[in-house]
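Colleague: Before I rely on any of the terms used for this structure, I would like to go through them one at a time. Please set each value against the rule behind it.

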There are 2 protein chains.
Amino acid sequence: VLGVTSDEPDTPYLFVDTAVVEHNLRTMAGTARELGIALRPHAKTHKCPPLGLRQVELGAIGLTLATAGEAEVFADGGCLDIFLAYPIWAGGRRGGRLSALAERVRLRLGIDSAESAAVLARAVPGAEVLVEVDSGHHRSGVPAPDAGAVALAASRSGLRVVGTFTFPGHGYGPGNRDRAAADEADALAEADRVLHTAGFDVEVRSGGSTPTAALSARGTVTEMRPGSYVFNDAQQLETGSCGWADVALYAVSTVVSRRGQQVIVDAGNKILGADRPHWATGHGRLLDHPGARMTALSEHHATVLFPDGEQPPELGRCLRVVPNHVCTAVNLVDELLVGTSGTIHDRWPVAARGANT
Amino acid sequence: VLGVTSDEPDTPYLFVDTAVVEHNLRTMAGTARELGIALRPHAKTHKCPPLGLRQVELGAIGLTLATAGEAEVFADGGCLDIFLAYPIWAGGRRGGRLSALAERVRLRLGIDSAESAAVLARAVPGAEVLVEVDSGHHRSGVPAPDAGAVALAASRSGLRVVGTFTFPGHGYGPGNRDRAAADEADALAEADRVLHTAGFDVEVRSGGSTPTAALSARGTVTEMRPGSYVFNDAQQLETGSCGWADVALYAVSTVVSRRGQQVIVDAGNKILGADRPHWATGHGRLLDHPGARMTALSEHHATVLFPDGEQPPELGRCLRVVPNHVCTAVNLVDELLVGTSGTIHDRWPVAARGANT
């Protein structure tokens, strides 16, 4: 692992192992190819346009993003096919920004109401849209039976309805993947029937997340949008959707305090993020100490408890901490230090960091 | 509240009401004055050097920060008296950075071990240090009886021991303030006796947090370091240490999806942060809808449930969302939009955002 020499940057910092990233990109591209499902990765995870271009180079048909601001950054970076998988509200300045974007890239947008369709149609007449369907995560999206009404409203507003999409977010959590993947297939199939009855012949049924990607229903799902698989994280580890060798990003941190079996490292929630699903074992995991538990997290302190019988590391030692949720960790830094086997070769600017609007 | 016109920035963004900030600054300065306790606010909350200068103008003796990087930014901004209330590990490049800082500002540092004292003494010979004591939060810091041994080791390394400090972080949570303030006083008093016995005559006993500030023990506590009071947040509201009128910062967000009593707004954890103490009612609060609950939070979606009988706001309406923990919310944005009564007059760069090292 990393030592403590004056050549190394001060901790904490996020390090990305490019060999693991390349492996993860190829594996997911292979999964999509085998399933016969188009891959449109969610690039909010990495927020780095060059990595998005690499995803496309390896076979992705385009990228998914969440905000107009992210799309502007990725368009500047040369990514030319973008789906905003979000119930877009095109009011205010955002309308003009989306209109400008639609002139530069092939842009598709999410809607889940007649009202948002009408506002979008005024801003970007003729825009291509996908109707969001709720497959069980109960966030945005309409129940599948209501997809037809939204599609009709969109069509009457002058938008072009090209498909439906859903996010099976309830697939996170140990043991939830199979059910969420089945729910996704059911919801997209039902929405498709409803749209057919309403006179629509849509080409895209978009789903998928990192946990459910390999379970995506061939035939029903035509496109999938996993994001976290690029780097993976403690959530993916603990849901069983990746192994330790697939973790490509970690925070390098220093032991700054120590008492008994407990040490404090300097990677707090200002670099790891504070995401903690109720089923997680703690606030992240230690790459080299799978038995250790992260029992508390402040802004610049992570409390790590080592199991009885395992000697905790000494003061000043560097530890590699895997965040619970990599998308929000990456969003905290201006650049990622990258290399292989712990040696830093390069820095990647997190170009779309904070592009929330 | 705010409308939706093309003159306004796209949501979500963080807005700061400067009139409320000024009120909060004056109130805390008054509390410290009445108690006869020096005020050294923790500026990690706002990360804006001009606001730190205003705190000093109103009577603060200096500022508290957590990292060398934050101290560098505030020193550049003209703040000349800084305490790093953190168990500093001065290895690697950080040693040289601290040494350079000590030449520019009056710098005091935290230690909680003989080892960290020795490393610091090599980097910054003669540096002024405070020994960190654990008063019940069980993060960093030594138990009070061990403070003498750390002080002796520091002194033998050539450091100048000027006092002790503690963070009564267990004062967060409804009903915990009184006990935490009492624990703080007990720990600082005991550490002081121990240091006296070991031959030290220290001048500083530093404690305090926003919830415990007004309860700080006159005589025992000589200096307090509240941070969040500048802006306040949903945590402070729900622990009872501020009222609704004291909330100076909120995320302006738009309703993008709506079904029954539930709406989705576009302020997710990439602008609010994901902090959620177990006792919180949810992922934040709505300034204009105290009965609403934030039941879920994704990166760009906040799920808000309105109580039966309260009509949820329409699509496209702007809502003011108070984050659970303002320090981490501020750390997500490059600038704060500031003004009074919802009208934007200025932008403050969050100069020390991401200064984690």
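**Contacts between the chains**

Modeller: The side chains of A:Glu299 and B:Lys44 come together in a salt bridge, at 2.8 Å from N to O. Please keep in mind that this is a predicted model.

Colleague: Why is the pair A:Glu299 and B:Lys44 called a salt bridge?

Modeller: The rule asks for a side-chain nitrogen of Lys or Arg within 4 Å of a carboxyl oxygen of Asp or Glu. A:Glu299 and B:Lys44 have 2.8 Å from N to O, so the pair meets the rule. Between chain B and chain A the count is 10 salt bridges, and over all chains the same rule gives 52.

Colleague: What makes chain B and chain A partners in an interface, and how many residues of each are in contact?

Modeller: On the side of chain B there are 62 residues in contact with 62 residues of chain A, where contact requires heavy atoms within 4.5 Å. The area buried between the two chains is about 5,000 Å², and carbon and sulfur atoms give 48% of that area.

Colleague: Which elements of chain B give two or more residues to the side that touches chain A?

Modeller: They are strand E4 (81-87), helix H4 (93-104), strand E10 (249-259), strand E11 (262-265), helix H9 (269-272) and helix H10 (326-330) of chain B. E10(B) gives the most, with 5 residues. By class, that side of chain B has 18 nonpolar, 24 polar and 20 charged residues.

Colleague: Why are E2 and E3 of chain A said to stand at the edges?

Modeller: In chain A, an open sheet of 8 strands with parallel pairing runs in the order E2-E9-E8-E7-E6-E5-E4-E3. Strand E2 (38-39) and strand E3 (63-65) each have a single partner strand, so one side of each is left without a neighbour in the sheet. Helix H3 (residues 68-76) of chain A packs on this sheet, touching E3 and strand E4 (81-87) of chain A, and the direction of H3 makes about 170° with that of E4(A).

Colleague: How do you know that E2(A) and strand E9 of chain A pair?

Modeller: Pairing requires at least two bridges, and E2(A) and strand E9 (residues 223-224) have 2 bridges in the parallel sense, so they qualify. A:Ala38 stands opposite A:Glu223 in E9(A). The side chain of A:Glu223 also meets that of A:Arg40 in a salt bridge, at 3.3 Å from N to O. A:Glu223 lies in strand E9 and A:Arg40 in the loop between E2 and helix H2 (49-57) of chain A, so this pair ties together parts that are 183 residues apart in sequence.

Colleague: What is the order of the strands in the open sheet of chain B?

Modeller: The order in chain B is E2-E9-E8-E7-E6-E5-E4-E3, in an open sheet of 8 strands with parallel pairing. Its edge strands are E2 (38-39) and E3 (63-65), each of which pairs on one side only. Strand E6 (residues 128-132) and strand E7 (residues 160-165) of chain B pair in the parallel sense over 5 bridges, and B:Val129 has B:Val161 in E7(B) as its bridge partner.

**Backbone details**

Colleague: Is the peptide bond from A:Thr11 to A:Pro12 cis or trans?

Modeller: That bond is cis, with omega near -5°, and A:Pro12 is placed in the segment before strand E1 (13-17) of chain A. In chain B, the bond from B:Thr11 to B:Pro12 is cis, with omega near -5°.

Technical notes
Residues are numbered from 1 along each chain as its sequence is written. Chains are lettered from A and ligands numbered from 1 in the order in which they are written. This is a predicted model: local features need pLDDT of at least 70, side-chain atom pairs count only at pLDDT 80 or more; totals for chains, interfaces and linings use all residues. Side-chain values use heavy atoms; hydrogens and water are left out. Buried area is the accessible area (1.4 Å probe) that two parts lose on being put together, summed over both. Helices (H or I, at least four residues) and strands (E, at least two) are DSSP runs, numbered from the N terminus. Ala, Val, Leu, Ile, Met, Phe, Trp, Tyr, Cys and Pro count as nonpolar, Asp, Glu, Lys and Arg as charged, and the others, Gly among them, as polar. Axes are lines fitted to C-alpha atoms, for helices over the stretch in contact, and angles run from 0 to 180 degrees between N-to-C directions.
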